[in-house]
Amino acid sequence: MLLAIDIGNTNITLGIFDGKILRSTWRFATGSQKTQDEYLLDFKALFEELKVEVAIIKDIIIVSVVPKTLTLIESALKRIFNKDIILVGRDLDAGVKNLYDDPKQVGQDRLVNAKAAYSIYGGPAIIVDFGTAITCDVVSKIGEYLGGVIAPGVEISLKALVERAALLPEIELEEPKGILGKDTKESMRSGIFYGFSSLCDGIVRSLKEVSFRDATVIATGGHSKLIGPYCETVEKIDLDLTLKGLEIIYRERCLK
């Protein structure tokens, strides 16, 4: 079995693959103050809960946009599994032609998503990732990464709003009752759901005007299941796109 891990700024997402089949997934907060020992305990508790024996994990592949957390997690996993970790961007690339002006500026997670989207849904494609930031990335008809758009994400926007507006309360991210809020919390929820779905639709429509009108639009990321259904342009919601991309890269690059 393969353990695939996506280390993001807000969450760490894990997936256990049996061949091509994603058997289990888990998500927990990245935690900027965590130590290696705390991550070690997190992973041990997770594997016990999922009833995963260390011996059945053949390989571990990671994509990360948080270097400090990567170092801690890699060390913790080596203590558990006593094997080298495969890191996308260091040990192998995503297998995607990167047409950014400076290819090093593209997060490896965006290239992994591009690989997954093209392999699963074909090209051209637009990937909308509702993560810490909202990224919209374009993949060509032949699987090239063409570029994208970056905007503030849901949680950091909501946090900034609450911190800067003294009378606005913290809220749970729940679906609004409708576009017209009848109290402050409902008005804020409406702003989040309808605002960010409109942001997504506006960017996607603009991208289609300058790239591919027939591009398949895939939503992914932690808030994709919440915001995705409100987006008129989104055709597919694939919460596990990055994990699937890691498995595809591993299968194509490591099992030859």
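Mentor: In this predicted model, the elements that each supply at least two residues of that lining are strands S1 (2-7), S2 (11-18), S6 (125-130) and S7 (133-139), together with helices H3 (108-121) and H7 (241-254). Among the contributors, H3 gives the most, with three residues.

The space in this largest pocket comes to about 590 Å³. It is lined by 28 residues, and Gly8, Asp109, Asp129, Gly131 and Thr132 are the closest to its centre. By class, the lining holds 15 polar residues, seven nonpolar and six charged.

The two helices named above also pack against each other. The axes of H3 and H7 are 8 Å apart and meet at an angle of about 80 degrees. Angles of 65 to 115 degrees count as roughly perpendicular, and H3 and H7 are therefore roughly perpendicular to each other. On the H3 side, the contact is made by Val112, Asn113, Lys115, Ala116, Ala117, Ser119, Ile120 and Tyr121. Their partners in H7 are Leu241, Thr242, Lys244, Gly245, Leu246, Ile248, Ile249 and Glu252. The residues of this contact comprise nine nonpolar, four polar and three charged.

For comparison, one may turn to the second largest pocket, which holds about 200 Å³ of space. Its lining consists of Glu155, Leu158, Lys159, Val162, Glu163, Glu170, Ile171 and Leu173. Four of these residues are nonpolar and four are charged, with no polar residue present.

Note on methods
Residues numbered from 1 in each chain as written. Predicted model: local features only at pLDDT ≥ 70, side-chain atom pairs only at ≥ 80, totals over all residues. Heavy atoms only, no water. 1 Å grid on protein atoms, 1.4 Å probe; cavity = no way out; pocket = protein on both sides within 12 Å on 5 of 7 lines; lining within 4 Å. Points joined across faces, edges and corners; volume = space filled by probe spheres on them. Helix = DSSP H or I, 4+ residues; strand = E, 2+ residues; numbered from the N terminus. Nonpolar A, V, L, I, M, F, W, Y, C, P; charged D, E, K, R; others polar. Axes fitted to C-alpha atoms, helices over the stretch in contact; angles between N-to-C directions. Parallel < 35°, antiparallel > 145°, perpendicular 65-115°, else oblique. Contact = heavy atoms within 4.5 Å.
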